[in-house]
Structures are given as structure tokens and as C-alpha cells.
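Please look over the sequence and the structure shown below. The report that follows takes up helix packing, salt bridges and one surface patch in turn.

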Amino acid sequence: MNFSRLPLLSGAFGIILTGCANLAPEYIQPSAPVASTWPTTQVDEAEAISVNELGWKEFYGDERLRQLIELALNNNRSLRQSALAVESARAQFQIARADTLPTVDAAGSNTALRSDGNTTHTYSATLGISAFELDFFGRLNNLRDQALETYLSNEETLRSMRITLVAEVATAYFTLAADQLLLRLAESTLESQQKSLDLTLKTFDIGTASGLDVATAQTSVDTARADIAIYRTQVAQDLNALTLLVGQPIEPALVAADSGDTITDPLAPLITAVAPLAEIPSELLQRRPDVLAAERTLRAAHADIGAARAARFPSISLTTSVGTSSSQLSELFGGGTGLWSFIPSVSVPIFDGGSGEATVRVAEVGREVALAEYEYTIQTAFQEVSDALSERSNMQELLAARQSLLEANEKIYRLTEASYRKGLESSLSVLTAQRSFNDAQQNMIAARLAEASNWVTLYRVMGGGWHP
């Protein structure tokens, strides 16, 4: 093929590679519209989490929980949908990036013409660029940047969903464990109350217990039976919720209730390592994936403005080709006749009824909306962390109070029961003390569940839980 005309293509590429104007406004990261620090009364620096150094596999010490989280990250259908959305955004970016580069096509043809009984053939081969826009004003580059920022925003959103999913699995796991403890407590209570009822019936038969004593004992048994039915339902529903998060049936061994004392057994390991938090909230919060996603959206809005502004300027397109033609196929790339074409075109907007200006205004308003969303995302994040720290600062006092109430109610129950056996207290007093003790046990389990959930929430809102 005769490439003697290739300097035309080289010149075109030279024009393309020259600098072009960028009409997008300069992006400056907005300042965080929140306080510089969290209230010091809410922060226990000895317990603050270093999210950069602690991944979820280190944070959660229970091996069964780790396995459930791993299964959820691999099988959760909602997360899979978001991952596919990221793939779509990536493809859109690749399309936008391709638009900034010329498309080079090769073509070949054979033309047969018959005249006066003679048939002549013309063979040709060409290499060219068709209607390629020279991006002097940065429209295509800004569209590419917008697609890139959208893709990166979706990436951050996916990371945020992974963090949320990890936290949801942990919370569901702790909730299931707490309800299993409550079920075991109800079953233990039923067993002891059934023995008490049997004993009361025997003493009633010999005339040493009254009908009131029997009715009181029966009330305790029926209350425990009702609690068992309630907690069995809750355990089944907890397992269903956890199965939905995991995305597949769960092996029973991963959710089997632990044996041991109902009250002293921990719900689950909370954390295995902590480190002081030495950063101000604005720096910390701006690493949260939802905040990063909002900032990427804001950057994309800046690029939209540049594309809208550039659309109001002249558009220059280039169609060019070089090639060769010959009446003999064997001579096409040897002694063929060279041919070339160079067809630049210019489109200049003259009157559009204000459409171009309105398009720019729409893009500018879109930037203001994105800015407001970015600032609101930071404010929401700040509130979430503040709420979690507020709860954390009072958690030890809550646990201490619940533990003290538990011990006091247990003592009252034991003493009342002993007095009843000596005939010094009524069966109603024993029932009241037993119910108070049972309530204190349930409240202690609820307090430990609140502590576990608070750690999960604090870890999540500080941006921890997923390291790509």
C-alpha cells in the first residue's frame, strides 16, 4: 500500500494532541460543615478505633462470625446488584474515554463495470478517520471526566455497602445470640418453675399448701411457657434475617447456641484491638466511602458544567483517509494509484433559543445540588459518630447498673424463697421476686446486646469494616 499521504494523518494527530481549553470550573474541596472535633466528654480515647489499621477480620474475634461475613460478601444478592452497577459505570467510562480518541477504519472494495461487452474492475484500499471531533474546548474530555467520577462514585458506594453488610451480619449474629440466651433463660426458668409447681401440688395434696399457692406456681410455669414460645419465634426470625444477609442456607454449626451459664457467657467477642484516635472528625469522615462517593458526584458535576459550556462553542470534526486503487488486484499495493481525502467540517451554534445557556444553568444547579448533598452527607456522618460515641460513653455505667440490679434481684429471690420454705413469706412474694430476677436477667442480656451493637455501629460509622 502506498502510504505517501500518511503525513496528512500525522498532521491530524498533531492537531489532536495539542492542548485544548477546559471550561469546567476549578474544583476546590469544600470545607467540612461540622465542628472540628467531637465533644471531649463523649470520647474515650483509650477505646477509640483506628479504622485505617483494623480490618473486620481483626475487629471481630469470633471465627463463626467471620465465616458468615465472608459468605455474605460473596453471596449477598443486594451487594451483587451494586457490583454490577459498578461494572456498568466502568463500561460507560470506557465508552466516554474512547470518544476522545480517533476511530481508524480500513476498507477495501471491488467495483465491476461492464460497457460495450467489456468488463473493467477497480480495486481500492483505504485507511481513514471518520468524523472525529477535535476537542479544542474540552467537551469530550469533560464528558470523560464525568464518566470517570461517576464510576469512582459507584466504586465508593459499593465499598460503603460492603461496610454496611458486614455490620448488618454482625448485628444479626449478635441479635440471634441474645435471643438464644433469652430462650435458654426461659427454658431454665420453666424447668425450675415446673419443679416448684410439682412440689406445691404435693404439699397441697397433704394440706400444707393452699390453692393460692398452686395458682401462683401455675402462673410462673405458664409465663415461662409463653416466653419460650415468644423467643423460639424470635430465634427463627433472627435466623431467617441472617440467612437473607448471607445469601445461602447457613450450616447449623455456625449459629448453634453456646453452652454454659446464661448470664456470664459473653454474647460474642467485641473487638480484639483498639487504638487511640488522633485525627479530627473532618479528616476522618472524609475517608468514609459514602462521603467520598458524594465528593466524586460533586466532581462529576463540575465536569458537566465544562461539557455544557464547551457545547456552546464551535465543533470541529475531521474526516480523512489515504489509500490506493488499481485495475489489477495484484498491483493494488505495488503500482496502484494513490488517493487521499481531507474533509474538515465546522459547526457553529448561532441561535438555539437559549437552549445552550439553559443547559449550562442546569449543570450549574446540578453542581449546587451535589454540593448540598456532599455537605449533608458529612453532617449525617458526624451525627452518626457523635450518637455512637454518646452511647459508648454511658455504656459502662449502664452495664454496671444492670449487673448490680441483677445481683440484688438474685439475692432478693434467694432470700424470699428461703423464707417461703420456712413459712415466713407467701407464695405471691416468691413469685414477685422470681419475676423481678428474671426481668433483671433479661435486661442484662439486652444491655450486653446493646454494647455489642454499639461497637459494631461505632466501627461502621467511622468508616471501618472493609479494606479492598
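This is a predicted model: local features need pLDDT of at least 70, side-chain atom pairs count only at pLDDT 80 or more; totals for chains, interfaces and linings use all residues.

Because Glu384 belongs to helix α10 while Arg288 sits in the loop between α8 (281-285) and α9, the pair ties together parts that are 96 residues apart in sequence. The two partners can also be described by their accessibility: Glu384 is partly exposed, with a relative accessible area of 26%, whereas Arg288 is buried, with a relative accessible area of 5%.

## A link between α9 and α10

Arg309 forms a salt bridge with Glu364, with 3.6 Å between the closest N and O atoms. Since Arg309 lies in helix α9 and Glu364 in helix α10, this pair ties together parts that are 55 residues apart in sequence. Arg309 has a relative accessibility of 28% and therefore counts as partly exposed.

A search of the whole structure finds 17 salt bridges, and one that lies within a helix is formed by the side chains of Glu87 and Arg90, at 3.1 Å from N to O. Both residues lie in helix α4 (residues 77-99), where they are three residues apart, about one turn of the helix. Glu87 is partly exposed, with a relative accessible area of 40%, and Arg90 is likewise partly exposed, with a value of 28%.

Salt bridges that share partners join Glu87 and Arg90 with Glu155 into one network.

## Packing of α5 against α9

Two packed helices are described by the angle between their axes and by the distance between those axes. For helix α5 (residues 139-205) and helix α9 (residues 289-310), the axes come within 8 Å and cross at roughly 165°. Angles over 145 degrees count as roughly antiparallel, and α5 and α9 are therefore roughly antiparallel to each other. The crossing in which α5 passes α9 is left-handed.

## A nonpolar patch at the surface

Val346, Val348, Ile350 and Phe351 make a nonpolar surface patch of about 520 Å². Phe351 is placed in the loop between β4 (337-347) and α10 (355-421). With a relative accessible area of 74%, Phe351 is exposed, because exposed residues are those over 50%.

Technical notes. Residues are numbered from 1 along each chain as its sequence is written. Side-chain values use heavy atoms; hydrogens and water are left out. Patches are made of residues with over 30% relative accessible area and no salt bridge: like charges are joined within 9 Å, nonpolar side chains (Val, Leu, Ile, Met, Phe, Trp, Tyr) within 5 Å. Accessible areas come from the Shrake-Rupley method with a 1.4 Å probe; for residues, only the protein chains shown count as cover. A salt bridge is a side-chain nitrogen of Lys or Arg within 4 Å of a carboxyl oxygen of Asp or Glu. Helices (H or I, at least four residues) and strands (E, at least two) are DSSP runs, numbered from the N terminus. Buried means under 20% relative accessible area, exposed over 50%, partly exposed in between (1.4 Å probe, protein chains only). Axes are lines fitted to C-alpha atoms, for helices over the stretch in contact, and angles run from 0 to 180 degrees between N-to-C directions. Angles under 35 degrees count as roughly parallel, over 145 as roughly antiparallel, 65 to 115 as roughly perpendicular and the rest as oblique. A crossing is left-handed if the near helix is turned anticlockwise from the far one by less than a right angle, and right-handed if clockwise.
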